[in-house]
Amino acid sequence: MDFHDMKALLEWQVEMGATEAIGETPVNRYDVPGEAPKPKAAALAAAPASAAQDGPDPVETARRMAAGATDLEALRAAVAAFDLCDLKRGARNTVFADGNPHARVMVIGEAPGRDEDIAGLPFVGRAGRLLDRMFAAIGLSRGGEGAEALYITNIMPWRPPQNREPAPVEIAMMLPFVERHVALAAPEVIVLMGNTACQGMLGRKGITRLRGTWTEAAGHPAMPMFHPAYLLRNPAAKREAWADLLEIRARLAEGAE
Ligand code: URA
């Protein structure tokens with residue numbers, strides 16, 4: 001095979017969606033024993049969560065595993081041990097959380113991207129750097145202690161292929177873990193970053209309408225905000241994001257009185 005054949009082959013792979021090298025040596029997936037056949041994406045999306053696959057009900061299993069976790073380390077282990085979400089197979093790392101779990105504010109984002117998948121931590125790429133700057137502007141950070149602390153997680157702990165949005169059936173099966181995460185961290189305030197977080201925690205989307213108004217998620221006051229990735233694409237919306245951050249700061253100040 002000459003250079004041009006190899007280049008054409010690579011371009012074909014990129015067109016088919018294989019945009020990233022995930023190992024040094026190629027693996028023939030047809031020869032790997034014991035891998036369950038993957039359900040078709042369309043069938044998964046159409047099916048109720050409980051009918052997504054034969055065998056154990058993913059939502060029930062997640063509920064049982066989440067309920068059995070009595071602290072955050074046990075919950076981290078339970079999430080990492082959950083094998084019923086297909087996204088786990090394509091991910092390098094389980095991305096659980098970052099920051100200070102005793103923080104008054106808990107941010108819930110969507111799902112890891114490439115950088116987060118590699119680092120095993122949420123929001124470390126470009127959007128994550130903006131998120132850090134946004135919260136620094138109201139005195140909060142992942143390295144902070146006490147009133148300056150921030151805790152960050154995602155609805156989905158595994159990177160979806162091509163950074164697609166997590167499907168409703170995938171969100172549904174991870175939700176018991178996120179709800180348990182909130183219960184164990186017990187923040188005063190939750191920040192829902194973007195539509196996927198709203199879909200998971202509120203059961204509805206429409207961030208343009210939802211943002212800026214306090215609501216309730218998992219029994220806690222929650223503020224929906226534009227996702228920092230959206231703000232990178234639409235810098236004009238930073239004005240609204242700033243208003244939402246000030247609203248969060250005011251609420252924290254009230255709670256501290
Ligand atoms: N976007 C998210 O929602 N979460 C991350 O961790 C990174 C990017």
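These are my notebook entries on a predicted model.

**Overview**

I began with the whole chain. I counted 12 helices and 6 strands in the protein. Of its 257 residues, 42% are buried. Next I looked at contacts between residues at least 6 apart in sequence. Of these, 71% join residues at least 24 apart.

**The nonpolar core**

I turned to the largest nonpolar core. It has 66 residues. Phe-135 and Leu-192 have the most contacts inside it. Helix H8, residues 168-185, gives the most to this core, with 9 residues.

**Helix H4**

Which residues of H4 are buried? In this helix, residues 72-81, I found Leu-72, Leu-75, Ala-78 and Val-79 buried. Seen down the axis of H4, the buried residues fall within an arc of 115°, so they line one face of the helix. I noted the general rule beside this. An α-helix has 3.6 residues a turn, so residues three or four places apart point the same way.

What do the buried residues of H4 pack against? I found three partners: helix H3 (58-67), strand S3 (151-154) and H8.

I looked up the second largest pocket next. Its volume is about 610 Å³. It is lined by 28 residues. Closest to its centre are Glu-110, Ala-111, Ala-127, His-227 and Ala-229. By class, I recorded 10 nonpolar, 10 polar and 8 charged residues in the lining.

**Gln-199**

H9 runs over residues 194-202, and Gln-199 lies in it. Is Gln-199 buried, partly exposed or exposed? Its relative accessibility is 28%, so I put it down as partly exposed. Leaving aside neighbours within four places in sequence, Gln-199 is in contact with Ile-171, Arg-204 and Lys-205. I also checked Gln-199 against Ile-155. They are 44 residues apart in sequence. Their C-alpha atoms are 9.6 Å apart in space.

**Asp-244**

I found Asp-244 in helix H12, residues 238-256. The relative accessible area of Asp-244 is 2%. The cut-off for buried is under 20%, so Asp-244 is buried. Which residues does Asp-244 touch, not counting those up to four places away in sequence? I listed Arg-211, Gly-212, Met-223, Pro-224 and Met-225.

**Two positive phi angles**

Last, I looked at backbone angles. Gln-162 is not a glycine, yet its phi is positive, about 55°. I placed Gln-162 in the loop between S3 and H8. Gln-162 is exposed, with a relative accessible area of 51%.

Where is Ala-218 found? I located Ala-218 in the loop between strand S5 (215-217) and strand S6 (220-225). Its phi is near 50°, a positive value in a residue other than glycine. At 39% relative accessibility, I noted Ala-218 as partly exposed.

Technical notes
Residues numbered from 1 in each chain as written. Predicted model: local features only at pLDDT ≥ 70, side-chain atom pairs only at ≥ 80, totals over all residues. Heavy atoms only, no water. Helix = DSSP H or I, 4+ residues; strand = E, 2+ residues; numbered from the N terminus. Buried < 20%, exposed > 50% of the residue type's maximum accessible area, 1.4 Å probe, protein only. Contact = heavy atoms within 4.5 Å. 1 Å grid on protein atoms, 1.4 Å probe; cavity = no way out; pocket = protein on both sides within 12 Å on 5 of 7 lines; lining within 4 Å. Points joined across faces, edges and corners; volume = space filled by probe spheres on them. Nonpolar A, V, L, I, M, F, W, Y, C, P; charged D, E, K, R; others polar. Core = buried A, V, L, I, M, F, W, Y, C linked by side-chain atoms within 4.5 Å. Arc of directions from axis to C-beta.
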